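Let's walk through a protein model together, one feature at a time. Keep the sequence and the 3D view open as you read.

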Amino acid sequence: MTYDVAIVGSGFSAIALTINLLRVLPRSASIAVVGDDPGFGRGTAYRTEFYLHRLNVPAARMSVFPDRPDDFVEWLRRRGKAVFAEDFATRGDYGLYLRDTLATLLRPRQRRAHVDFVKAKATACVQCESDRLVFCLDNHDELKARNVVLALGVGSADLPVSKDCVAESVRPRIIDNPWRLSWLSRVGRTDEICILGSGLTMIDQVLSLRARGHRGKIHVLSRRGLVPHPHPPRRATPVTPALPASREISQLLHALRKQIQSSGADWRGVVDGLRPQSQALWQSLSREQRSRFLRHALAWWNIHRHRIAPEVFTRFDALIKDGTVTVHAGFIRSIDDEGAVANIGYRRRGTQGFASIRADWIVNCTGMERAGIGHSPLLREMREREMLVMDDLGLGISVDPHSRVLDADGKAQPGLFAAGALTAGQFWEITAVPDIRVQANLLAEAIAAQVAQTAPPSARIA
């Protein structure tokens, strides 16, 4: 069987695209979703059941449908959740919303496109004919499709230190993937923890530790020692930023600061007002200016742009103030074994002085790798075959403005697309739900138009 569409992946990008395709494809069309995650669409982020693992975007902006902005809020209210539009719902509830939305669209079998969920990993992709692609799966099957969307997301980042600088004997004390929450059961009540990375994942892990009875000291170590800012109790009114004609990063930042200072506007409103323009702004930057942004401004952008729910911040800030959590800024130089504990040696930021942290556990919360190729045998194989290339800044794979994958010659490959974080080199802002849902909607419409052109007349009428 040759499917009209194959979606490779099982995270949010994959479920958002599946949902949007079911809305626009004719019932004669066929979809295959290839992935081995049992929690399809919920992934790590939305599978958690911990009530303090909250969305970082208010409920009113989390609908999976761009044209139905109240869908998630209405779903919550139908289930008896007393929620307002600007409340921050739990990530677990959002995962259930995605599951229910997909189930509702799948229910009328006779009136929608055919969907097969293939529980497997795609390991290779070979272009067999001009109008289709064939995948090799790790269950020894093959899958053919006329249109393919790579929605594989990204993998976890490695430790921010060379492997040669990590004592082999300390490896059992290092938690490489903190989202495998079974590690929490091994932590003693008074064990000292060193968390590498100071972003959103760090805050999730700190609150998870406290909720499970941990009362020991927690050290947080990152290069700049910056932690996310909170959303205000009431959302600041978005302010359209007054951007200069220049695309020099320094001048753009100066203009934003000046606007905030001169107008007295809440900086959060200016940042939120920039969001609708962020993709176009990114695309207007030269490679040099993009690189400068990544080197010098990214860390500050992240803590201002990716904010946390007020309740979450209040709890975390209390742990900072009472000394339970200490944030350090520095560069790791070594991780050694001192018998009963691990010793993390680092250079303090802004100095040539060295310091160390002794801890029972080291937790890698440095985030996700940028390119998203290293974790995927399929993407590595496709790169070797020159079916795709990494973008020139290593943010993902190269795609055009329509999310079509570019080959080694820079040509868009017919019927081959990418979605979500893999396309960050082209779109930059493409990791949050409000951005991915727009991309998923546009991709679904483009694929539906392609399917309509290639379908036989009888199928078009159907």
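## Before we start

This is a predicted model, in which local features need pLDDT of at least 70 and side-chain atom pairs count only at pLDDT 80 or more, while totals for chains, interfaces and linings use all residues. Residues are numbered from 1 along each chain as its sequence is written, and side-chain values use heavy atoms, with hydrogens and water left out.

Helices (H or I, at least four residues) and strands (E, at least two) are DSSP runs, numbered from the N terminus.

## Helices H1 and H3

Two packed helices are described by the angle between their axes and the distance between the axes. Axes are lines fitted to C-alpha atoms, for helices over the stretch in contact, and angles run from 0 to 180 degrees between N-to-C directions. Helix H1 (residues 12-24) packs with helix H3 (residues 91-106) at an angle of about 30°, and their axes are 10 Å apart. H1 and H3 are therefore roughly parallel to each other; angles under 35 degrees count as roughly parallel, over 145 as roughly antiparallel, 65 to 115 as roughly perpendicular and the rest as oblique. The crossing of H1 and H3 is left-handed, a term used if the near helix is turned anticlockwise from the far one by less than a right angle, with right-handed if clockwise.

Which residues in H1 and H3 meet? From H1 come Phe12, Ile15, Thr18, Ile19, Leu22 and Arg23, and from H3 come Tyr94, Leu98, Thr101, Leu102, Leu105 and Leu106. Contact means heavy atoms within 4.5 Å. The residues of this contact divide into 9 nonpolar, 2 polar and 1 charged. Here Ala, Val, Leu, Ile, Met, Phe, Trp, Tyr, Cys and Pro count as nonpolar, Asp, Glu, Lys and Arg as charged, and the others, Gly among them, as polar.

## Helices H2 and H3

H3 also packs with helix H2 (residues 71-78), at an angle of about 100° and with the axes 11 Å apart. H2 and H3 are therefore roughly perpendicular to each other.

In this contact, Asp71, Phe72, Trp75 and Leu76 in H2 meet Asp93, Tyr94, Leu96, Tyr97, Asp100 and Thr101 in H3. By class, there are 6 nonpolar, 1 polar and 3 charged residues in the contact of H2 with H3.

## Aromatic pairs

A pair of aromatic rings is described by the distance of the centres and the angle of the planes. Rings of Phe, Tyr and Trp (its six-membered ring) pair if their centres lie within 6.5 Å; planes under 30 degrees apart count as stacked, over 60 as edge-to-face and the rest as tilted. By this rule the count comes to 12 aromatic pairs. In one of them, the rings of phenylalanine 12 and tyrosine 94 have centres 6.3 Å apart and planes at 40°, so the pair is tilted. Phenylalanine 12 lies in helix H1 and tyrosine 94 in helix H3, so this pair ties together parts that are 82 residues apart in sequence. Both phenylalanine 12 and tyrosine 94 are buried (buried means under 20% relative accessible area, exposed over 50%, partly exposed in between, with a 1.4 Å probe and protein chains only).

Phenylalanine 293 and tryptophan 428 have ring centres 5.5 Å apart and planes at 90°, so the pair is edge-to-face. Phenylalanine 293 is buried, with a relative accessible area of 11%, and tryptophan 428 counts as buried at 14% relative accessibility. Elsewhere, ring pairs link Phe12, Tyr46, Phe72, Trp75, Tyr94 and Tyr97 into a cluster.

## Positive phi angles

Tryptophan 428 lies in the loop between H10 and H11, and has a positive phi of about 60° although it is not a glycine.

Histidine 140 also has a positive phi, near 75°. It sits in the loop between strand E5 (132-137) and strand E6 (142-150). Is histidine 140 buried or exposed? Histidine 140 is exposed, with a relative accessible area of 76%.

Leucine 150 is in strand E6 and counts as buried at 0% relative accessibility. Leaving aside neighbours within four places in sequence, its contacts include Val8, Leu378, Met382 and Phe417.

Isoleucine 193, found in strand E8 (residues 193-196), also counts as buried at 0% relative accessibility. The C-alpha atoms of isoleucine 193 and tryptophan 361 are separated by 5.0 Å, although these residues are 168 residues apart along the chain.
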